[in-house]
Amino acid sequence: MAGRKGMEVSIAVSEAVKLANVDVISAYPITPQTHIVEHLSELVADGELTAAFIPVESEHSALSAAVGAAAVGARAYTATASQGLALMHEIMFIASGLRLPMVMTVVNRALSTPINIWNDLSDIMAERDTGWIQLFAINGQEAVDLTLQAFKLAEDPRVLLPVAVNLDGFVLSHVIEPVEIPDQETVDRFLPPYKPGIRLDPENPVSMGAFGSPDVFTEIKKQIDEALIGSQKVASEVWKDFGTIFGRTYKPIESYKTKGAETLLVTMGSISETAMSAVDLMREKGQRVGLIHIRLWRPFPFKEFFQAIREAKVLAVVDRALVPGGAGGPVGLEVKAALFDKQDRPYVAEFIAGLGGRDLTVEIFSEMVAKASRYAKTQKELRYEMIGVREK
Amino acid sequence: MAKVDALHPWKEAPLGCVISEAGNARKFKTGDWRSKIRPLTDQEKCIKCGMCWIFCPEMAYTLRTDGFYDWSSEYCKGCGICARECPKEAIQMIAEEE
């Protein structure tokens, strides 16, 4: 197996897409876009990847073209970010509703206004309820690995749902990290060619996307919900296979120094690594602090979440998206709702931070942990607190 | 309201609500959505040209062995396109009783 080399994460992701041997890549090539599809278009133009590259006039069309490609049984891929994802919103539901497997890299960036496009999770969190499997990478290697895993997961006959692989804009997408790109033979061993079940085929015609009256709509939605919930079991199998072949293990919720920890940071994405450094420093000072990060956001892995936090007294949840006028950010809402039925539940302090590319430093994680512990002592009634807001 | 013949339990519903049986919209009888008018053909004026059959958006007309066209109350929505397109003004839209 090849060794690690320094690569821009976007380029590494496009190499993973190439190794996944995709048939169709459709993408809007203009801002907000990344080097992922730019590099893929080069790979196709140079003959290194035999695939149809469809440059389209909008992200709405990019995802529509991917839907069309998946509908005829092709392995389809697209990538977007920020406003581009927002423009795909309508088609997100259609991809999952038609049960078409495909993979999309979402390079997480803020939504306007103000025009920003720096990193936060407001783009994907607005797509939370679209019926897609949603995974979050914390570094370049995970971005590569999750991309390969995503195809296998999406295409499993028990799943047949689209997968969004999320990675943080700029702080991951545009940085150079040491990444191991596997060889084709090993990837082929892990990821077999896609065998579509139902597809558009002149020999065996079907209609896709017909209307569903009130008599049938609920049953179809129930089916999607069950498929999404059931995909977690398949994800575990995919991760087990991946671990056997590639030697790297993945779990829906990852724990870091949770043993004996009284307070746990709850994070997602690349900030998790900074937060781990903060945990190390706090541990050195004797603070009983740990961290969990959520890799599988949809379906939400409730059982693994309860298991991971079972010893904690306080959770400091870090949300990088705002739900204006609500009870908290998306992760905070999920965590609090999940814990509602539990008799013995930890105190949850929720922090909104890192919006629109504002740096989240080790010091800020320490500050959140300190605040969470303090608020827990008085059981402060706190919906959420925005961190680092200038008051004057 | 007309019902589709077979309503599946969720586990048996076709994946992605795909339709694998060609022409099964026929089973979905929407004639009871009709506005309270229906076509009536005067066979004295009818020249059997088939314009009503061609233009009907619901394909509610069927050809009879004698060359005239029958109207189906199971599909007709009372739009009146047949009456409008009939070159001999042989079709009238008439009020239906409740």
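Helices (H or I, at least four residues) and strands (E, at least two) are DSSP runs, numbered from the N terminus. Residues are numbered from 1 along each chain as its sequence is written, while chains are lettered from A and ligands numbered from 1 in the order in which they are written. This is a predicted model: local features need pLDDT of at least 70, side-chain atom pairs count only at pLDDT 80 or more, and totals for chains, interfaces and linings use all residues.

**Exercise 1. Work out how spread out or compact chain A and chain B are.**

Step 1. Count the elements of chain A: twelve helices and 15 strands.

Step 2. Bring in the radius of gyration (taken over C-alpha atoms) and the globule rule (2.2 Å times the number of residues to the power 0.38). For the 392 residues of chain A the rule gives 21 Å, and the radius of gyration is 21 Å, close to that, so chain A is as compact as a globular protein of that length. The C-alpha trace of chain A spans about 70 × 55 × 45 Å along its principal axes.

Step 3. Chain B has two helices and four strands, and they follow the pattern β-α-β-β-α-β along the sequence. Its radius of gyration is 16 Å, well over the 13 Å that the globule rule gives for 98 residues, so chain B is more spread out than a compact globule. Along the principal axes, the C-alpha atoms of chain B fill a box of roughly 55 × 30 × 20 Å.

**Exercise 2. Describe how helix 3 packs against helix 4 in chain A.**

Step 1. Axes are lines fitted to C-alpha atoms, for helices over the stretch in contact, and angles run from 0 to 180 degrees between N-to-C directions. Helix 3 (residues 59-71) and helix 4 (residues 82-97) of chain A have axes 7 Å apart, at an angle of about 30°.

Step 2. Angles under 35 degrees count as roughly parallel, over 145 as roughly antiparallel, 65 to 115 as roughly perpendicular and the rest as oblique. Helix 3 and helix 4 of chain A are therefore roughly parallel to each other.

Step 3. List who touches whom, with contact meaning C-beta atoms, placed from the backbone, within 7 Å. Helix 3 of chain A brings residues including L63(A) and V67(A), and helix 4 of chain A brings residues including L87(A) and I91(A).

Step 4. Sort by class: Ala, Val, Leu, Ile, Met, Phe, Trp, Tyr, Cys and Pro count as nonpolar, Asp, Glu, Lys and Arg as charged, and the others, Gly among them, as polar. The contact of helix 3 with helix 4 of chain A has eight nonpolar, three polar and two charged residues.

**Exercise 3. Do the analysis again for helix 1 and helix 6 of chain A.**

Step 1. The axes of helix 1 (residues 9-19) and helix 6 (residues 140-155) of chain A come within 9 Å and cross at roughly 20°. These two helices are therefore roughly parallel to each other.

Step 2. Among the residues that meet are V13(A) and V17(A) in helix 1 of chain A and V144(A) and L148(A) in helix 6 of chain A. The classes here are nine nonpolar, two polar and no charged.

**Exercise 4. Which element of chain A gives the most to the side that touches chain B?**

Step 1. Get the totals: 17 residues of chain A are in contact with 14 residues of chain B.

Step 2. The answer is helix 8 (residues 214-246) of chain A, with six residues.

Step 3. Sorted by class, the side of chain A that touches chain B has nine nonpolar, four polar and four charged residues.

Definitions and conventions: Contact = placed C-beta atoms within 7 Å.
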